[in-house]
Amino acid sequence: MKLCIIGTGYVGLVSGTCFADIGNNVICVDIDRNKIKNLNSGIIPIYEPGLEEMVKRNINQKRLKFSYDVNEAIKKSDIIFICVGTPTIKKTNSVELKYVYQVANKIKSNLNKYKIIVTKSTVPVTTGDKIESILKKNKYKSKYDVVSNPEFLREGEAIRDFVVPDRVVVGTKSKKALKTMKSLYLPIIKKTTRFFSTSRRSAELIKYASNAFLATKISFINEVANLCELLNINIEEISVGMGLDQRIGERFLRAGPGYGGSCFPKDTRAIVTLAKKYKINLSIANSVIKSNDNRSKILLNRILKILKNKIKNKNITFLGATFKANTDDMRESPCLKLIPALITKGAIINYYDPTGPKKEIEKFKNVNFSKNVVDATKKSDLIILHTEWNEFKQLNVKKLTKNKNVIVYDMRNIYSPEKMKKNGIKYYGIGR
Ligand code: UGA
């Protein structure tokens, strides 16, 4: 099939490349000419394991192209995926949809034959209805179907999530569009995937409700972890014990520094704002947002307690800066609240991240990026394991630093507290 992907951000780039890999002809378009030039040479703007190889392979096989000529790309394609950004409007907490509607207008001007228009960007319920009404007035009088097909890809695991998804959700009332979408996904839905067809509005809401629910699970376990710390109970045991109940499920019950990234914070805010518009109070999602916002205060207090309130001139090392492992994404990373708060209290911050220095951190004073774990931890009084990268999972803390009194605060519960104690290292985890 001939596909056009508009927007080569995370969603568009991964989806377009994976669609090409399962045999389609894909043109990915973006207004950023430099990005397109780089992509055509196989230079990827994001860190995503396996993506670069897949892009290069599909460029070589001539199934994947990158272009800034959006008009031509739309005209040539049968299915058009809208994958542009839908950020939060800070003042109102609602979703910025101007990029989506700009694309809808571009499609309207180039709708030279029947096409399926798919929203893959996370968009509020009724956005599909609005796109449909924009397209109505197209000069070619062409027919079209507007379909919602939300993505459920996790950064760092995106290719696996695309190829072996739990479900593919397609929202449309058009039989013709549904048939085409089903055959597009056929190479992957043959496995264990559920292909779930539903109404367009339902598909739009499924995405928000899923992210809000996963965020709820995380915030719930984080609050239980707070309790565990006072009761001398290990949260890991609680997560396993709860997760064994299939009604609950074991995933997304890892206590940690709070959820971050480009999706959960944005989507929880968006679903609450959407509900408010319809005078519905999503009180649980509201509490989750507050609970996650409050997480940094709780962690900061713990750090103060660990260092006995003596923060001034203490060397604190953050291992990992991104919001989770296997990504270079700094958006809403928990350390972005912790680092400035510690600096204000006089701490000297060192950090290391496998994906390099971060402009979001470099703007703070008294921060130093090191090129490896050894340099970053040399003078540490406190090592904070902030992100669960594999390279942090086998550290010999005793050898790393000459400071005999070094303390480790493991925000991802990577290490066994017993082993750390045995090795004479002062160690703190989350909820244990
Ligand atoms: C999330 C969803 O998992 C995807 O299904 C969805 O497609 C995507 O958002 C999106 O809307 O585009 P992502 O933001 O890449 O994916 O990251 P996750 O792996 O879900 O992690 C989100 C946050 O929760 C991270 O900060 C992570 O550290 C935290 N987390 C996750 C926990 O603290 N505990 C857990 O058990 C799981």
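Which of the 20 residues around the ligand come nearest? They are Glu-151, Glu-155, Lys-207, Asn-211 and Lys-324, where a residue is near a molecule or strand if one of its heavy atoms lies within 4 Å of it.

Before I go on, a word on the basis. This is a predicted model, in which local features need pLDDT of at least 70 and side-chain atom pairs count only at pLDDT 80 or more, while totals for chains, interfaces and linings use all residues. Residues are numbered from 1 along each chain as its sequence is written, and side-chain values use heavy atoms, with hydrogens and water left out.

Let me stay with the ligand. A backbone N or O atom of Glu-155 lies 2.7 Å from one of the ligand's oxygen atoms, and a polar side-chain atom of Asn-211 lies 2.8 Å from an oxygen atom of the ligand. On the nitrogen side, a polar backbone atom of Arg-254 is 2.9 Å from a nitrogen atom of the ligand. On its own the ligand has 720 Å² of accessible area, and the protein covers 95% of that, with areas from the Shrake-Rupley method and a 1.4 Å probe. Helix H9 (200-231) and helix H11 (264-277) are the elements that give two or more residues to the shell, and H9 gives the most, with 3 residues; helices here are DSSP runs of H or I with at least four residues, strands are runs of E with at least two, and both are numbered from the N terminus.

Now to the sheet. Six strands form an open sheet with parallel pairing, in the order E13-E12-E11-E14-E15-E16, where two strands pair if DSSP finds at least two bridges between them. Strand E13 (367-369) and strand E16 (426-428) stand at the edges with a single partner strand each, so one side of each is left without a neighbour in the sheet. On average, neighbouring strands are turned by 20° against each other, direction ignored. E15 (residues 407-410) pairs with E16 over 3 bridges in the parallel sense, and Val-408 stands opposite Tyr-427 in E16.

Two helices lie across this sheet. Helix H12 (residues 283-306) lies across E14 (382-385), E15 and E16, and runs at about 165° to E15; contact means heavy atoms within 4.5 Å, and angles run from 0 to 180 degrees between N-to-C directions of axes fitted to C-alpha atoms, for helices over the stretch in contact. Helix H13 (residues 335-344) lies across E11 (315-319), E12 (348-352) and E13, running at about 170° to E11.

How values were computed. A polar contact is a pair of N or O atoms within 3.5 Å; within protein, one must be able to donate a hydrogen and the other to accept it, and residues adjacent in sequence count only if both atoms are side-chain atoms.
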